[in-house]
Amino acid sequence: MELTRSLVESEAREYREREPLYAVEQENLETLPKAFASGEYGRRDAAWVVRWYYRRFLGDYPDAERRAAEEAFWDNDFEDVRSAMGDAVVAADAATGIESLTDLEAVDVPVASGFLMFLDPDAYVVVGPREWAALREADELAERYPDPPSVREYGTYLERCRALADRFDCDLWTLYRALWRLSK
């Protein structure tokens, strides 16, 4: 498969029309970055990102693992969540933001990348096996999905996504939607 601007645009449009979580994702991409940056958010807002990360797979993710992660996130002291989020908001780069977020229970690199996307969707994009597989199929990544990816591997993925977004003159959210659809 070759990624092109027209393919990315058409797949992103299909995502908007067909994926059941699109409306809530779009709403949260519009509201959560400001809320997280200002500190004006509650525990449920932060927990939503963890729920979203797993539930976007619409049943393809093992239910017991999903529930365990969601419950484990609730075990974090909310002040620890606020501290990690605050550090991620001011982080100079993805690695620093991920390192602060992965100090939290139930937050590994992929979930942390989801937090980064909802902190700053212009700078970050979530990583997971589907997005990675689409890039690999397009010969944009050489290695199989490392489950889970390291901070360094996320950096490689992020740089590839940023380069593609620049090449196709689109934002990372548009690229994400296209990769998600292409991985089906």
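Visitor: Hey, which residues form one aromatic cluster in this thing?
Guide: One aromatic cluster is made up of Tyr15, Tyr22, Trp48, Trp52, Tyr53, Tyr54, Phe57, Phe118, Trp173, Tyr176 and Trp180. A heads-up before we go on: this is a predicted model, where local features need pLDDT of at least 70 and side-chain atom pairs count only at pLDDT 80 or more, while totals for chains, interfaces and linings use all residues. Residues are numbered from 1 along each chain as its sequence is written, and side-chain values use heavy atoms, with hydrogens and water left out.

Visitor: Where are tryptophan 52 and tyrosine 176 in the chain?
Guide: In distant parts: tryptophan 52 is in helix α3 (residues 43-55) and tyrosine 176 is in helix α10 (residues 172-182), 124 residues apart. Helices here are DSSP runs (H or I, at least four residues), as are strands (E, at least two), and they're numbered from the N terminus.

Visitor: And are those two, tryptophan 52 and tyrosine 176, buried or exposed?
Guide: Tryptophan 52 and tyrosine 176 are both buried. Buried means under 20% relative accessible area, exposed is over 50%, and partly exposed is in between (1.4 Å probe, protein chains only).

Visitor: What about tryptophan 132 and tyrosine 145, what kind of aromatic pair do they form?
Guide: That pair is edge-to-face, with 5.8 Å centre to centre and 75° between the planes. Tryptophan 132 sits in helix α8 and tyrosine 145 in the loop between α8 and α9, so the pair ties together parts 13 residues apart in sequence. Tryptophan 132 counts as buried because its relative accessibility is 4%, and tyrosine 145 counts as buried at 18%.

Visitor: Back to α10. How many of its residues are buried?
Guide: 11 of its 11 residues are buried. Among them are Leu172, Trp173, Tyr176, Arg177 and Arg181.

Visitor: What do the buried residues of α10 pack against?
Guide: They pack against α1 (5-18), α2 (22-38), α3, α7, α8 and α9.

Visitor: New topic. Why does glutamate 131 count as buried?
Guide: Because its relative accessible area is 0%. Glutamate 131 lies in helix α8, and its side chain reaches the backbone nitrogen of glycine 128 at 2.8 Å. That's a polar contact, meaning a pair of N or O atoms within 3.5 Å; within protein, one must be able to donate a hydrogen and the other to accept it, and residues adjacent in sequence count only if both atoms are side-chain atoms.

Visitor: What else is glutamate 131 in contact with?
Guide: Leaving aside neighbours within four places in sequence, glutamate 131 is in contact with Arg56, Val126, Tyr157, Tyr176, Leu179 and Trp180. Contact means heavy atoms within 4.5 Å.

Visitor: Where's arginine 66, and what's it in contact with?
Guide: Arginine 66 is in helix α4 (residues 63-74). At 12% relative accessibility, arginine 66 counts as buried. Apart from neighbours within four places in sequence, arginine 66 is in contact with Tyr54, Arg55 and Tyr61.

Visitor: Okay, helix packing. At what angle do α5 and α6 cross?
Guide: The axes of helix α5 (residues 78-90) and α6 cross at roughly 180° and come within 8 Å. That makes α5 roughly antiparallel to α6. The axes are lines fitted to C-alpha atoms, for helices over the stretch in contact, with angles from 0 to 180 degrees between N-to-C directions. Under 35 degrees counts as roughly parallel, over 145 as roughly antiparallel, 65 to 115 as roughly perpendicular and the rest as oblique.

Visitor: Which residues make the contact?
Guide: Ala84, Met85, Asp87 and Ala88 of α5, and Gly97, Ser100 and Leu101 of α6.

Methods
Phe/Tyr/Trp six-rings, centres within 6.5 Å; stacked < 30°, edge-to-face > 60°.
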